[in-house]
Amino acid sequence: LDMNTLPVRSSLQFTLSCAKSSAVMQVTTNGPPLPGRFSVSPSTGGVEITTNFEFSASVWSDPNLPVTYQFGFVSGTSGGNLVTQGRSESSFGSSNLPAGDSNLQYQLHCFAQIFDSLNAVSDASATVEVSPEVNTTLLEMAIMS
């Protein structure tokens, strides 16, 4: 079988036969946590460095506990995921964020990754508006701290 070809959350039975003997194996496959909600607040009116954004994931479920959460945003320069809260059992977190892309009305894409104890993962996303900070003194203080 090729990797990742079995259906998720399924019970499968395999039978191996050789001459007059056979063996049966029952296999249950894992799946990612079942969808819940993900939000980032405020969704509009945020300002880089100064606005504290609240990340919240709720109502996610999985039989393979504990469920863990990781939050972050997508870098406007590299396109890579930048983590603001590493994987933990906390389903909420907060962070300051950089300004979004001016060509996209300062939108910034945020994400949540929700894992079960077997490392199956579900992804969720939300978009927020983060304007640049115009007060250069505040920016300098934030960079220095």
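Tutor: Before we look at any residue, note that helices (H or I, at least four residues) and strands (E, at least two) are DSSP runs, numbered from the N terminus. This is a predicted model, in which local features need pLDDT of at least 70 and side-chain atom pairs count only at pLDDT 80 or more, while totals for chains, interfaces and linings use all residues. Residues are numbered from 1 along each chain as its sequence is written, and side-chain values use heavy atoms, with hydrogens and water left out.

Student: In which strand does Gln 113 lie?

Tutor: Gln 113 belongs to strand β9, which covers residues 107-115.

Student: How do I read its accessibility, and is Gln 113 buried or exposed?

Tutor: Residues are called buried under 20% relative accessible area, exposed over 50%, and partly exposed in between, using a 1.4 Å probe and protein chains only. Gln 113 has a relative accessible area of 17%, and therefore counts as buried.

Student: Where is Arg 87 placed, and which residues does Arg 87 touch?

Tutor: Arg 87 sits in strand β7, residues 81-88, and is partly exposed, because its relative accessible area is 38%. Not counting residues up to four places away in sequence, Arg 87 touches Thr 68, Tyr 69, Gln 70, Phe 115, Asp 116 and Asn 119. Its side chain has a polar contact of 2.9 Å with the side chain of Thr 68, and another, of 2.7 Å, with the side chain of Asn 119. Although Arg 87 and Thr 68 are 19 residues apart in sequence, their C-alpha atoms are 6.0 Å apart in space.

Student: What is the order of the strands in the open sheet?

Tutor: Two strands pair if DSSP finds at least two bridges between them. The open sheet has 5 strands in the order β4-β10-β9-β6-β7, with mixed pairing. Its edge strands are β4 and β7, each of which pairs on one side only. Strand β10 (residues 121-131) pairs with β4 in the parallel sense over 2 bridges, and the bridge partner of Gly 46 in β10 is Val 130.

Student: How many salt bridges does the structure hold?

Tutor: Side chains of opposite charge can pair when their charged atoms come close. A salt bridge is a side-chain nitrogen of Lys or Arg within 4 Å of a carboxyl oxygen of Asp or Glu. The structure holds 1 salt bridge, in which the side chains of Asp 62 and Arg 9 meet at 3.9 Å, N to O. The pair links distant parts of the chain, 53 residues apart, with Asp 62 in the loop between β5 and β6 and Arg 9 in the segment before β1. Asp 62 is buried, because its relative accessible area is 9%, whereas Arg 9, at 36%, counts as partly exposed.

Student: Which peptide bonds are cis?

Tutor: Among them is the bond from Ser 41 to Pro 42, with omega near 0 degrees, and Pro 42 lies in the loop between β3 (37-41) and β4 (46-47). Another cis bond joins Leu 65 and Pro 66, with omega about 5 degrees, and Pro 66 is placed in the loop between β5 (53-58) and β6 (68-74).

Student: What is the phi of Ile 49, and what is the phi of Val 59?

Tutor: Ile 49 has a positive phi of about 70 degrees although it is not a glycine, and Ile 49 is found in the loop between β4 and β5. For Val 59, also not a glycine, phi is positive and near 65 degrees; Val 59 lies in the loop between β5 and β6 and, at 57% relative accessibility, counts as exposed.

Key:
Contact = heavy atoms within 4.5 Å. Polar contact = N/O pair within 3.5 Å; in protein donor to acceptor, adjacent residues only side chain to side chain.
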